[in-house]
Structures are given as C-alpha cells and as structure tokens.
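Here is a short briefing on one structure. Please look it over before reading the points below.

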Amino acid sequence: MSVLDDIVAGVREDLAERERHTPIERLRERAGLRPPPRDPMPAFRAPGVSVIAEVKRQSPSKGHLAEIGDPAELARAYAAGGAAAISVLTEARRFGGSLGDLRAVRAAVDTPLLRKDFMVSSYQLVEAREAGLQGENFYACHRNPPYWQPIEGATEKLWLRKSVAEKLMRVNERAGTAGLELFLFDAWRPRAVQVYFHDVWMPRELKRRNPALQGAALTEEVERYWAAPSDSAESPAPHATAAAVDLTLRWKDGEALWMGSLFDDVTELAHRDRFENLDANNFSFSDGEARSNRRLLHWLMAEQGFAGHPDEWWHFSWGDQMWAALSGETCAHYGLATIPEVA
C-alpha cells in the first residue's frame with residue numbers, strides 16, 4: 001500500500017465515524033444555517049502579491065514541521081501580516097490537523113479560509129438542487145435533443161463539490177438581482193455516459209458527417225467536446241471530479257435565455273466566442289442576443305473564479321485540471337469524486 005493509499009484509507013475510516021455521529025441530512029441542515037463563505041478570489045486577482053498562509057503541523061514527506069498549540073493565535077498573526085487567505089489542514093492521521101483547527105481559525109479571523117483535506121466521499125459533496133440550485137440532468141431525461149432518450153447509465157442527480165456549489169449559489173445571488181437564475185444540465189457524470197459519447201455516439205456522428213475522418217484526426221475531433229473516460233487519478237475527466245458543471249441562464253419564470261445553440265450542440269456554433277467576430281453585414285438580432293447572453297454568463301461565472309471551456313459555452317469548472325490549465329494555476333484542487341449511489 002502506498003502512502004497515498006494509506007492516507008485515503010484513514011480518511012475513509014474517519015469520515016465513516018463522523019457520519020455515524022452526524023448524518024449527512026443533519027450536516028446539510030447545519031450548512032444551510034451558516035453564513036456564506038468568504039471569497040478569496042478578489043484578493044488573489046488584485047495587483048501585487050497575494051499570500052496563502054498555512055496551518056500545518058506535519059506532512060508524510062517532511063515529518064514534523066511546527067508546534068501549533070493554538071491555531072487561532074497563529075491565524076491572527078497571519079491575518080495581521082496581510083495574508084489573503086489561510087489554508088487549514090484538517091486531515092488528522094498524517095498531517096496532525098482537525099476540523100477543530102478550522103473552527104478555531106474561523107472564529108479568530110475574518111480572512112477567507114481554505115480547508116485542505118482529501119475528498120473521497122459524498123459526505124464531502126452536495127446535490128445541487130438540495131443546495132438551492134435549479135436543474136435537471138440532461139442525460140437522464142427524454143426531452144434532450146439531439147438524443148431524445150435517456151442515456152444508459154445516466155443519473156438523475158446533480159452531484160457537485162461543496163465549494164463549487166457554494167460558488168454557484170453566489171453566482172445565482174448576483175444573477176437574481178436581474179430576475180435570472182442558473183439552470184444546470186449536468187454535474188458529476190457517470191463513466192458509462194462518458195464512455196458512450198466518447199467511444200460510440202460522437203465518433204459515429206462525426207463519421208456520418210465526414211466519412212474520411214479516421215484515426216488520430218477522428219480522436220482529436222471527438223476530444224474537442226468529449227474528454228476520454230479516464231479513471232486515472234492523475235488525469236480524470238473533468239465531470240468525473242464533480243468540479244465541472246454544464247449550465248445556462250434563465251428567467252426565474254423558467255424561460256431560458258437565448259444562447260445561440262442547443263446545449264450539447266457539438267459544432268463550432270457552441271464555441272464560446274462564436275458571435276464575437278461575425279461580419280457586421282451578416283449579424284442578426286438573434287446573433288446579438290446570443291452574444292450578449294453568452295457574455296453575461298461568462299462574466300458571472302468568471303467573477304466567482306470559474307473557467308469556461310472555449311469550445312462549449314455551457315461548460316465551466318472550478319478546481320479541476322482544466323480549470324488549472326485555463327486559469328494558469330500550478331495544480332488542480334480535485335481529482336476523482338466518489339459518489340454514494342455507485343460506490
């Protein structure tokens with residue numbers, strides 16, 4: 001067993017114990033009573049250097065790092081020194097942290113906090129609609145053009161990382177001032193759905209349109225829209241992390257804003273900048289409306305730190321590898337997610 005395997009096994013045991021004491025339903029009730037988390041992104045985007053200070057006693061690779069008798073006192077020193085955010089290790093067995101450390105730091109400072117731990121269970125996830133977001137899983141319903149049938153293996157649930165759901169709620173609050181809200185099409189995606197579209201549906205559709213498309217050229221075109229269905233912890237498919245989401249904007253009465261294409265229109269019509277550089281002599285009112293609405297969705301999501309897929313106006317993520325690559329981050333926050341109904 002590797003060090004990482006040992007850490008994850010310990011995290012699973014500790015989570016099981018916490019779930020016995022506090023069932024997930026009660027945890028969600030408590031979360032709903034808490035004030036919204038403080039957003040660190042404005043400080044990170046501001047000119048100059050932004051520092052994330054860390055409360056970390058030890059690590060498997062470096063061993064003992066620091067005596068931290070009072071994490072609250074350390075946090076106050078970090079805040080006084082100008083830290084833009086404070087990261088708190090909460091894994092107990094190998095890093096010597098705890099949720100008690102996180103609570104103590106939260107009570108001591110107003111600085112945005114980042115919890116650093118290993119995400120292995122739905123106890124660390126949330127179903128989007130239970131968090132107050134609107135949506136319907138596109139692949140599990142019948143009215144889903146161009147498919148017009150549920151996709152085998154699809155789930156009706158919209159599972160997301162809690163941090164991602166919290167950010168979407170802040171987007172929703174901002175959109176709500178204009179009478180708008182987010183509507184989700186997809187979040188965490190079962191591997192069976194990813195396999196079907198990557199290996200079967202998309203290659204078949206592309207070859208129908210262009211019979212000459214073969215081999216590496218076919219794979220490259222498929223993967224413009226459908227990531228390979230990877231189970232690798234080193235390179236998981238975006239939706240397998242529960243940090244990626246497909247969505248649109250709609251009026252609160254249910255009418256969707258015009259975005260210029262269907263969701264899952266896997267053609268150039270779906271490219272995020274499709275309506276940015278059209279000839280002025282061939283630019284319709286419909287094109288102008290689509291451009292404005294795509295811009296609105298993009299900037300609402302970017303304001304909360306999401307990164308958008310350049311080829312899909314509906315796809316955004318926060319914390320996965322695509323987000324890291326598009327945002328210039330050195331690493332992702334999240335790998336593969338474990339979902340209870342398929343665990």
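The points below cover a sheet, a helix and a set of aromatic rings.

This is a predicted model: local features need pLDDT of at least 70, side-chain atom pairs count only at pLDDT 80 or more, and totals for chains, interfaces and linings use all residues. Residues are numbered from 1 along each chain as its sequence is written, and side-chain values use heavy atoms, with hydrogens and water left out.

- Three strands form an open sheet in the order 1-4-5, with parallel pairing. Strands (E, at least two residues) and helices (H or I, at least four) are DSSP runs, numbered from the N terminus.
- Strand 1 and strand 5 (113-116) are at the edges with a single partner strand each, so one side of each has no neighbour in the sheet.
- Neighbouring strands of this sheet are turned by 25° against each other on average, direction ignored.
- Strand 1 and strand 4 run parallel and are joined by four bridges. Two strands pair if DSSP finds at least two bridges between them.
- Glu54 has Ser87 in strand 4 as its bridge partner.

**Helix 4**

- Pro71, Ala72 and Ala75 are the buried residues of helix 4 (residues 71-80). Buried means under 20% relative accessible area, exposed over 50%, and partly exposed in between (1.4 Å probe, protein chains only).
- Seen down the helix 4 axis, these buried residues fall within an arc of 95°, so they line one face of the helix. The arc is that of the directions from the helix axis to the C-beta atoms.
- Glu73 and Ala80 are exposed on the other side of helix 4.
- The buried residues of helix 4 pack against strand 1 (52-55), strand 4 (85-89) and helix 5 (99-108). Contact means heavy atoms within 4.5 Å.
- Helix 4 lies across strand 1 and strand 4 and runs at about 165° to strand 1. Axes are lines fitted to C-alpha atoms, for helices over the stretch in contact, and angles run from 0 to 180 degrees between N-to-C directions.
- Just after helix 4, Gly82 has a positive phi of about 95°.

**Aromatic rings**

- Rings of Phe, Tyr and Trp (its six-membered ring) pair if their centres lie within 6.5 Å; planes under 30 degrees apart count as stacked, over 60 as edge-to-face and the rest as tilted. By this rule the count is 19 aromatic pairs.
- The ring centres of Phe138 and Tyr139 are 5.8 Å apart and their planes are at 85°, so the pair is edge-to-face. Both Phe138 and Tyr139 are buried.
- Ring pairs link a cluster that includes Phe138, Tyr139, Trp226 and Trp313.
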